[in-house]
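Dear colleague,

Please find below the structure that I am handing over to you. I would be grateful if you could read the notes under it with the model open.

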Amino acid sequence: MPTALITGITGQDGSYLAELLLAKGYDVHGVVRRSSTFGTQRIEHIFDSLHLHYGDATDGGALMRIVREVEPDEIYNLAAQSHVRVSFDQPHYTAESVALGTLNVLEAARSVPGCRVYQASSSEQYGNASPEPQNETTPFKPRSPYGCAKVFAHNLTVNYRESYGLHASCGILFNHESPRRGETFVTRKITRAIGRIKHGLQDKLFLGNLDAMRDWGYAGDYVEAMWLMLQQDEPDDYVIATGVTTSVRSFCEAAFAAAGMDYRDYIEIDPRYYRPAEVDFLLGDAAKAERVLGWRPATQPDELVRLMVEADIELARQEYVVAQSR
């Protein structure tokens, strides 16, 4: 039975990855931060099958202790402050969790012979780079503290691979969403609002730049690519994307239409949600992942929208029932 350690296991990607690895017969361990509130909702349905350890990627000593105790065959580093807009407000913590957190993971991995590492890189590393679509050879030109920290983490992972022979691969994942996406991320903010508006729990949805273009895929598909990278004989870096770009406005239109609504009746622009530096257009080229890993996205963008809208309408219905019973 192979053993895997996931940092960020309580997040969207961590929960889907844990499910995938359990289905493949792994012994799955996860690192969770100690908090006075519960943050394990996404993994409660598989809680009894996991081994959870208190720690934080920013605490190098604790992470080293966990890695030496678990002796994982594979480490998936998903821990980060991952909200791009928030990174402008919390640049120090973003850098610590993303950049220095990755350094701690790589150092700990070196203490376990044969350990393989997956590093969660991001399309935000490209910023407004050209040409499009972006692939593994496109230069990085980040436009946020989050993107800058991810570039550091990416380059450091490559450096450890080349310097120490560490089997470490970077997955440059373009935006990936699901019903488990955090509610402050724009796609989930939209579908969450649709459900609440549908049940009379909310009147309006406030958004920022509706013209930003993104390559949105389904997180459940993308975690399979993470696993495939660590099954290769040689480590490498791969873009994971759908090859389809959509504006925030078009996502709104499709999502509201899926609920039988017109987005123009409910959306208002709030300047607070604009970024100090915007990334206008992201479109990924995952040809290398298809060629080498045999990976292709199984879920099309319209299906992703439907999944998220249906889930959040049901969630809002449950909230409405609770509100009516009070």
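Predicted model: local features only at pLDDT ≥ 70, side-chain atom pairs only at ≥ 80, totals over all residues.

The model contains an open sheet of seven strands, paired in parallel, in the order β3-β2-β1-β4-β5-β6-β11. Its edges are formed by β3 (51-54) and β11 (237-240), each of which pairs on one side only. On average, and ignoring direction, neighbouring strands of this sheet are turned by 20° against each other.

Strand β4 and its neighbours

Strand β4 has β1 and β5 beside it in the strand order. With β1 (residues 3-7), strand β4 pairs in the parallel sense over four bridges, and Thr-7 stands opposite Asn-77 of β4. Four bridges also join β4 to β5, and these two strands run parallel; here Tyr-76 is placed opposite Tyr-118 in β5. Both faces of β4 are covered. Glu-74 and Tyr-76 lie on one side, Ile-75 and Asn-77 on the other, and all of them are buried.

At the edge formed by β11, the pairing partner is β6 (residues 167-173), in the parallel sense and over four bridges. Within this pair, Gly-171 stands opposite Tyr-238 in β11. Helix α7 (residues 219-229) packs on the sheet and touches β4 (74-77), β5 (116-122), β6 and β11. The direction of α7 makes about 155° with that of β6.

The cysteines

A disulfide is a covalent bond between the sulfur atoms of two cysteines. How many disulfides does the model have? With a cut-off of 2.5 Å between cysteine sulfur atoms, the count comes to zero. For Cys-148, the nearest cysteine sulfur is that of Cys-170, 16 Å away, and Cys-148 is in no disulfide. Cys-170 is likewise in no disulfide, and the nearest cysteine sulfur to it, that of Cys-115, is 14 Å away.

With kind regards

Technical notes. Residues numbered from 1 in each chain as written. Heavy atoms only, no water. Pairing = 2+ DSSP bridges. Axes fitted to C-alpha atoms, helices over the stretch in contact; angles between N-to-C directions. Contact = heavy atoms within 4.5 Å. Buried < 20%, exposed > 50% of the residue type's maximum accessible area, 1.4 Å probe, protein only.
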